[in-house]
Amino acid sequence: MSATSRRTRTVPGPLPPTALRGLLDATPAAVGCFDAALRTVYANTAFTMATGLQAGSVVDDDQRDLAPALKEMVAGSSAPRRVRLGRARMPVSGTLFRLDDAYIGMVLDAGAHEALAALADEQSALRRVAVLVAAGSEPEEIFTAVAEEVGRLLGGKSAATIRYDGDLAWTVGRWSEGETRGFAVGTAVPLADSEGLTAIVARTGEPARIDDYAGVKGHAAELMRQNGYRSAVAAPVVAGGRTWGLVLVASSTGSLGQDAERRLAGFTELLALALESAETRTQLNASRVRILEAGIAERRRLERNLHDGAQQRLVALAVQLRVLQKRVEDPELARTLLSAASEELEQALGELRELARGLHPAVLADRGLAPALETLASRSPLPVIVEGVPQERLAMALEAAVYFVVAESLTNTVKHAEATEVHVQMACTSGEVIVEIADNGHGGADPAGGSGLRGLADRVEALGGRLAVESSPGSGSVVRAQLPLSE
């Protein structure tokens, strides 16, 4: 017998567990395994993404679709069992089967792979929008980007970002597949007498859909029909605690997917974040402009006061001294001139002290907040009660902010409130200083009506604090500043 004929065939043994795991990890099929305690002992990436279950997690009673079926199989049922996971991260179906006495396997249907691909597309679209938001892109660019991303993601024919303004809904961002039909940027539709999505979302603040526009009432619905759109889905954009607008996707063929509203939610949240960030930037820029303008106005005021007040008096004093030099031989006239010069000098010094007090009161710098506020109270023509001021020194900028909040509030009360008393209450909590100035005047103060309170708000916000004004007509006013304590 030849060597070739004597050669035996080698039969491979069972696949090693590590190799089997590698195979299961690499397959696009979603595969999982549970033990008798309903603990997930294995889940590949596809299974985790589809169900949210990963190795080590326990299937509990909250997962009402899967838990009962697993318990039945643990109790002794050996027949494969079909299960629909309606409460999973995406609605998919799968088959449970007994591996042996200790383990139950599960393989999700092929549709789970398609669902995972859809989820990946959704996450990619969200990331692209998130990058624009994080980069501080202009809102108009984000409006258009959101419309395009959701339109492509949901397979729509057209998509729009829409903003509410009074009784109208304005298109501010637009995307369409192929030829643009209707609802260009700048299009406005009325909300009154409408059963369209813009009106429904405005009334309810909730996601909504229309699967057939035939017979739907309103101008917006009529435009949808005219432009060949059969169905649409929309979700609200809630920014700053109010429904700012909505994102809408329209289809010309049939209704969009049943989970379209949910998939829109992530984009509307990003859009709300972009709007709030843009509003914050706008407020910050406006605050900076006001601070700059206030600084310029204050320098002009100081220049004017110095020129018209102390400077003029000092010039007059210099003239009087020169005259006095020539009249020293006349003692009576010299005494008169010296008396007038002394009076001018005293008035000039008083005006300079008043100017210095407006910049940074000497008593505040030298003795601290409590004496400075007591000095303010003693100079007020109204009775002022000051309570709760800490005796220990605070940061210089913090003391100055509290001082000027109290000073401006007292000035406003004396000028406008017709009050008979003022109560200043201060407290230091963990990490925060709170000061309230309350009067018993007629109320009705408008924080936006003058530059004084707006300037105070800028000063407080520059330190990371907040300024609020409560002033109902007939019930007095309360100015409240909350500032973080500096170490």
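Two residues are in contact when heavy atoms of theirs lie within 4.5 Å. Counted in this way, 53% of the contacts in the protein chain between residues at least 6 apart in sequence join residues that are at least 24 apart. The model is a predicted one, and the mean pLDDT of the protein chain is 80, with 79% of the residues reaching 70 or more. Over residues 1-11, however, pLDDT stays under 50, and for this stretch the model has one contact beyond four places in sequence.

The chain as a whole has 487 residues, of which 39% count as buried, and its secondary structure comes to 14 helices and 16 strands. The protein chain exposes about 26700 Å², and 54% of that area is supplied by carbon and sulfur atoms.

**Helix α4 and its cover**

Helix α4 spans residues 67-74, and its buried residues are A67, A69, L70 and M73. These residues lie on the same side of α4, because the arc that they cover around the axis is only 165 degrees. In general, an α-helix has 3.6 residues a turn, so residues three or four places apart point the same way.

After α4 comes G76, a glycine whose phi is positive, near 140 degrees.

**The loop between β7 and β8**

Another glycine, G178, lies in the loop that runs between β7 (168-176) and β8 (188-190). G178 has a relative accessible area of 62%, and it counts as exposed because that value is over the cut-off of 50%. Although G178 and K157 are 21 residues apart along the chain, their C-alpha atoms are separated by 8.2 Å.

**The hairpin of β15 and β16**

Strand β15, made of residues 466-470, pairs with strand β16, made of residues 477-484, in the antiparallel sense and over five bridges. Within this pairing, R466 stands opposite Q482 in β16. The two strands, β15 and β16, form a hairpin with six residues between them, and in the turn G474 has a positive phi of about 85 degrees.

Technical notes:
Residues numbered from 1 in each chain as written. Predicted model: local features only at pLDDT ≥ 70, side-chain atom pairs only at ≥ 80, totals over all residues. Heavy atoms only, no water. Helix = DSSP H or I, 4+ residues; strand = E, 2+ residues; numbered from the N terminus. Buried < 20%, exposed > 50% of the residue type's maximum accessible area, 1.4 Å probe, protein only. Areas by Shrake-Rupley, 256 points an atom, 1.4 Å probe, with all protein chains shown as cover. Pairing = 2+ DSSP bridges. Arc of directions from axis to C-beta. pLDDT = per-residue confidence, 0-100.
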